Amino acid sequence: MAARGFPYTDLKDFIAALERAGELRRIDVPVDPTLEISEVVTRTVRAGGPALLFERPTRGEMPVAINLFGTEKRMAMALGVDSLDEVGARIGAMIKPELPVGWSGIREGLGKVMQLKSLPPRKVKTAPCQEVVYRGEDVDLNRLPGLQVWPDDGGIFHNYGLTHTKHPETGKRNLGLYRLQQHGRNTLGMHWQIHKDSTAHHAVAERLGQRLPVAVAIGCDPVVSYAASAPLPSDIDEYLFAGFLRGERVEMVDCLTVPLQVPANAQIVLEGYLEPGERLPEGPFGDHTGFYTPVEPFPVLHIEAMTMQRKPVYHSIVTSKPPQEDHGLGKATERIFQPLLKLMIPDIVDYDLPAAGVFHNCAIVSIRKRYPKHAQKVMNAIWGAHLMSLTKLIVIVDEDCDVHDYNEVAFRAFGNVDYARDLLLTEGPVDHLDHSSYQQFWGGKAGVDATRKLPTEGYTRGWPEEMSMSPEVSALVDKRWKEYGI
């Protein structure tokens with residue numbers, strides 16, 4: 001699908017495509033954005049249900065689109081492919097095997113892909129996202145049907161705002177996806193975490209004593225919305241990546257009040273700035289970990305302009321204990337970045353990030369084992385691989401184990417491990433939101449070697465052969481199955 005050009009110009013086009021495919025339901029009765037929408041969405045996600053368009057939220061002036069990425073099928077539709085593996089295959093086909101391994105290898109590999117196949121953003125003078133303009137006293141965030149998702153949340157949050165910043169010295173752009181707490185009519189709390197590039201931009205601006213310009217786009221086309229969540233190296237532009245995924249250039253327009261550009265076809269744009277040194281309490285917030293994150297001080301965005309399309313659609317997401325919609329985004333990242341992780345760590349055959357592991361808690365990795373302690377070598381390599389460094393538990397299995405079959409993985413991890421010898425314990429950085437670590441930002445990690453053990457690893461008993469039925473008997477039973485009347 002992607003080869004013939006990207007099929008959606010904006011969020012509304014994607015919603016229309018979902019509806020044609022039977023993947024969207026319109027809800028035309030009034031529904032409250034405070035808690036009620038969240039409960040409806042959570043039940044729908046856990047039933048494997050459709051994307052939802054709440055046409056009459058009881059707060060705000062526009063419909064709410066949600067659960068757009070809640071299944072692998074819809075995530076593939078969002079990226080214009082039939083299978084998420086197609087995107088990874090496109091990347092893998094363009095990466096030369098002689099590229100160096102290590103972090104420089106993944107950066108060089110991705111940079112090569114971008115250079116070969118990406119199309120830089122195209123600037124336009126007028127844009128749908130600026131059809132309606134509110135400035136100064138006319139800015140009012142209550143026009144937006146922001147959600148309160150959980151009872152003890154600190155208030156209304158905007159959960160799919162694409163945040164744009166620039167490095168104050170180099171001018172390098174960053175696009176990130178961060179939750180935004182509504183403090184007032186024209187102020188938002190910026191919850192960008194310690195490992196994020198926008199945090200670094202803000203730190204430089206504060207060191208220089210400067211305001212940091214910020215633009216937040218809500219309701220972008222699905223590829224741009226995904227690109228904002230992708231764990232890209234800091235020197236790879238998210239809009240180049242989006243251009244690669246789309247197969248065509250992303251149209252951008254200059255903001256009206258800040259020196260930044262935003263997607264021309266966004267539904268809503270918020271423009272403003274951060275004052276150096278200013279912080280306000282942000283939270284609590286029921287996050288994707290399944291727990292409330294505590295109140296912490298975060299920067300404050302002062303909004304000077306709000307622009308939007310004439311009939312905008314507000315896009316959001318619900319975060320909670322898995323399963324939830326963000327698993328679709330995580331699965332896309334897993335599949336798209338598999339060739340790049342394999343470039344960095346060639347020992348890897350495949351990997352899986354379970355939904356229950358909420359992105360950073362667990363990685364299951366298969367390898368083609370060749371030498372003693374090969375599994376431990378791969379564990380350490382993963383802990384040195386960009387944001388994979390936040391992984392808390394790594395389970396290494398042999399290449400004949402399907403890493404996506406959790407029963408098979410559990411069989412290996414429960415039965416193939418001597419925990420006195422096959423468990424590697426270490427410490428390192430953890431996700432900002434990790435509540436289990438005794439110190440914020442760092443904690444303990446474990447690697448489990450569930451591979452077959454070698455004599456050279458000290459296993460001298462002779463590893464047993466796993467049972468399997470003979471092919472002849474399996475074929476015979478297949479042939480006679482109906483006769484048995486089972």
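Predicted model: local features only at pLDDT ≥ 70, side-chain atom pairs only at ≥ 80, totals over all residues.
Figure 1. Along the principal axes, the C-alpha atoms fill a box of roughly 80 × 60 × 45 Å. Buried residues account for 54% of the 486. Of the contacts with a separation of 6 or more, 72% join residues 24 or more positions apart. The protein exposes about 21,200 Å², with carbon and sulfur atoms supplying 53% of that area.

Figure 2. Let's zoom in on residues 406–415, where Val409, Arg412 and Ala413 are buried. Seen down the axis of helix 12, the buried residues fall within an arc of 95 degrees, so they line one face. An α-helix has 3.6 residues a turn, so residues three or four places apart point the same way. Strand 20 (362–367) and strand 21 (393–398) are included in what covers the buried residues of helix 12. Turned away from the buried side are the exposed residues Asn407, Phe414 and Gly415.

**Figure 3. The start of helix 12.** Here, look for Asp405: one of its side-chain oxygens comes to within 3.2 Å of the backbone nitrogen of Asn407.

**Figure 4. Asp350 and its surroundings.** Asp350 sits in strand 19, which spans residues 348–352. With a relative accessible area of 15%, Asp350 is buried. Its side chain makes a polar contact with the side chain of Arg335, at 3.0 Å. Beyond its neighbours within four places in sequence, Asp350 is in contact with Arg335, Gln338, Ile364, Val365, Ser366, Val403 and His404.

Methods:
Residues numbered from 1 in each chain as written. Heavy atoms only, no water. Buried < 20%, exposed > 50% of the residue type's maximum accessible area, 1.4 Å probe, protein only. Helix = DSSP H or I, 4+ residues; strand = E, 2+ residues; numbered from the N terminus. Arc of directions from axis to C-beta. Contact = heavy atoms within 4.5 Å. Polar contact = N/O pair within 3.5 Å; in protein donor to acceptor, adjacent residues only side chain to side chain. Areas by Shrake-Rupley, 256 points an atom, 1.4 Å probe, with all protein chains shown as cover.
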